[in-house]
Amino acid sequence: MSNHSSLEMLIELAEGDRDAAAKLLGQLRSAHQQSHTQLEMLSDYRNDYLRRFEEAMQRGLTMASIQNYQRFLSSLDRAIEHQRQQVDQHQGRITRGMTNWQQQQKRVNSYDVLINRRRQEAEHRMNKLEQRQSDEYASRATSALGGF
């Protein structure tokens, strides 16, 4: 019985770890989504800024204005590259988080198998005990009837 209680305690701990891993995975996915959305916004802004630059070029710009546009586009390119790296890092964290969650789930499943085996063994022992008691009762009853 104490082994069974120990297993139940282990499975509760494993379920807690699995649930924590699932919660963390959700947070990682949310952070990845935010990072990806920010990347899209930066890319959209850069495309819009480039379009405005090209329109301004058609109207005519001074060399200083052209250099300002180009410097700002370079800044946007660096920001976009940095954001891409952030997205990649978040994706790596998600992959590790998924692996962790899968390991925790596998641990829970292993404990479930052990508990089910213990329950089946206990049932089997109980059935054998009941059968033995039933056989003894029948034997006594037969002996008692034979005595008459």
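Phenylalanine 72 is partly exposed, with a relative accessible area of 33% (buried means under 20%, exposed over 50% and partly exposed in between, with a 1.4 Å probe and protein chains only). The model is predicted: local features need pLDDT of at least 70, side-chain atom pairs count only at pLDDT 80 or more, and totals for chains, interfaces and linings use all residues. Residues are numbered from 1 along each chain as its sequence is written, and side-chain values use heavy atoms, with hydrogens and water left out.

**Aromatic residues**

- Five aromatic pairs are found in the whole structure (ring centres of Phe, Tyr and Trp, the last by its six-membered ring, within 6.5 Å; planes under 30 degrees apart are stacked, over 60 edge-to-face, the rest tilted).
- The rings of tyrosine 45 and phenylalanine 72 are edge-to-face, because their centres are 6.3 Å apart and their planes stand at 85°.
- This pair ties together parts 27 residues apart in sequence, because tyrosine 45 lies in helix 1 and phenylalanine 72 in helix 2 (residues 63-146); helices (H or I, at least four residues) are DSSP runs numbered from the N terminus.
- Tyrosine 45 is partly exposed, at a relative accessible area of 36%.
- One aromatic cluster is formed by Tyr45, Tyr49, Phe53, Tyr69 and Phe72.

**Histidine 32**

- Histidine 32 belongs to helix 1 (residues 2-59) and is buried, with a relative accessible area of 14%.
- Apart from neighbours within four places in sequence, histidine 32 is in contact with Val87, His90, Gln91 and Ile94 (heavy atoms within 4.5 Å).

Technical notes
Helices (H or I, at least four residues) and strands (E, at least two) are DSSP runs, numbered from the N terminus.
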